[in-house]
Amino acid sequence: MRVFLVAGELSGDILGATLMRELKRRHENVSFRGIGGPRMIEEGLDSLYPLETLSIMGLVEVLKHLPRLVGVRRHLRREALAWPADIMIGIDAPDFNLGLEAQLRAQGMTTAHYVSPSVWAWRQGRVKKIRRAVDMMLTFLPFEAEFYEHHDVPVRFVGHPLAEELPLDNDRHQARRALGLDDSARVLAVLPGSRGSEIGFMTPVFLEAIRLLRQRLPDLAVVMPAATPARRQELLAHGVAEQNITVVDGRAWEVMTASNAVLLTSGTSALEAMLCHRPMVVAYRMAPVTWQIARRMVKTRWISLPNLIAQESLVPELIQDDATGEAIAAALTPMLENDIEARALTERFVAMHRTLQRGASARAAQAISELMARPH
């Protein structure tokens, strides 16, 4: 079996490597070609380009590199057909991969896409292109699979790899000991974001919320994980150290596990807080013009993954003008004061964690094996 894989960034390289490992367990004679990073190469991928080739963010940057990217796609198409591959699997990088998948499928090749783009949230018209491009979409989340079923795209919900990495039984005592926090402390984890723009928009609002919370809860311990050294410097420039806030490098999962509640900027960290089984408040602010455009494009009732997975408002979401220090402090106060309310939410998060903990890579490999076994 010849498998053509294209990953565009580090997270895709991790997913691709575990998928390759599972495919090798199921097929004695399997070979891999395409684009991947060190982990995929270690599993046996013949990588035709460096992983960073597709790692371009932002409209202006993509336009600048467009002629080169078109050339890369053309070369990959020729290679996949000449080899010839039995299946092409695009791993994330939808703007690049869906076009390549569509071209190869038009030539009669079986195609699959691993990691759904957020087509359910915005630019829903892309689902027509996806229907033309793939024989199967492999999704991390159950509501994504429901969206594709509704639009007649063959789909398999495989579970989320993060749900495998984070334990169903987490130990707050151990996490606190590792961070040097007292067992009896009331702890708030604060995650302002992993991008510089998020730090700029959210940190002042979060600091105001912390100031208001401490008027009511003077013993409140606040821990802030910095995603990178650059983010740490930006947080310190906002004066977080002077506010008696502990800044740690990375260790976000440990910090959330140690906490009583989490305040975070919307993104993957909301899913991570859910998988750490901690109550949370999700907030988000952006430039006013960007917000006016985004609110017209986004088609979902919620923005945070816990609410989207549950399809109900489990977690407070405070967006743009609603994301004030006063509103955030008011939403966090009962979570920090009321253990009974927090315990009920914890139990719900454990149940949701279990639904996502399915052995994503093994299920994805099984779905691909079944797809390949179908008569064409």
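**Helix H4**

I looked up which residues of H4 are covered, and Pro 94, Phe 96, Asn 97, Leu 98, Gly 99, Leu 100, Glu 101 and Leu 104 are buried (buried is under 20% relative accessible area, exposed over 50%, partly exposed in between, with a 1.4 Å probe and protein chains only). This is a predicted model, in which local features need pLDDT of at least 70, side-chain atom pairs count only at pLDDT 80 or more, and totals for chains, interfaces and linings use all residues. Residues are numbered from 1 along each chain as its sequence is written, and side-chain values use heavy atoms, leaving out hydrogens and water.

I took helices (H or I, at least four residues) and strands (E, at least two) as DSSP runs, numbered from the N terminus. Next I checked the length of H4, residues 94-106: its 13 residues should span 18 Å at 1.5 Å a residue, and the end C-alpha atoms are 17 Å apart, so the two agree. The expected span is 1.5 Å times one less than the number of residues. After H4 comes Gly 108, with a positive phi near 100°.

**The sheet**

I then traced an open sheet of six strands, and the order is S10-S9-S8-S11-S12-S13, with parallel pairing. Two strands pair if DSSP finds at least two bridges between them. S10 and S13 (317-319) are the edge strands, each pairing on one side only. From one strand to the next the twist averages 20°.

**Around S9**

Is S9 mostly covered or mostly open? It is mostly covered, as five of the six residues in S9 (221-226) are buried. S8 (residues 187-191) pairs with S9 in the parallel sense over three bridges, and Leu 188 stands opposite Val 222. Between S8 and S9 the chain passes through H9 (residues 196-216), in a right-handed β-α-β crossover. Right-handed here means that, with the strands pointing away from the viewer, the path from the first strand over the helix to the second runs clockwise.

S9 also pairs with S10 (residues 245-249) in the parallel sense, over five bridges. Met 224 has Val 247 in S10 as its bridge partner. The chain gets from S9 to S10 through H10 (residues 229-237), and this β-α-β crossover is right-handed.

**S11 and S12**

I found four bridges joining S11 (residues 261-265) to S12 (residues 280-284), and the two strands run parallel. Leu 264 stands opposite Val 282 in S12.

Note on methods: Axes fitted to C-alpha atoms, helices over the stretch in contact; angles between N-to-C directions.
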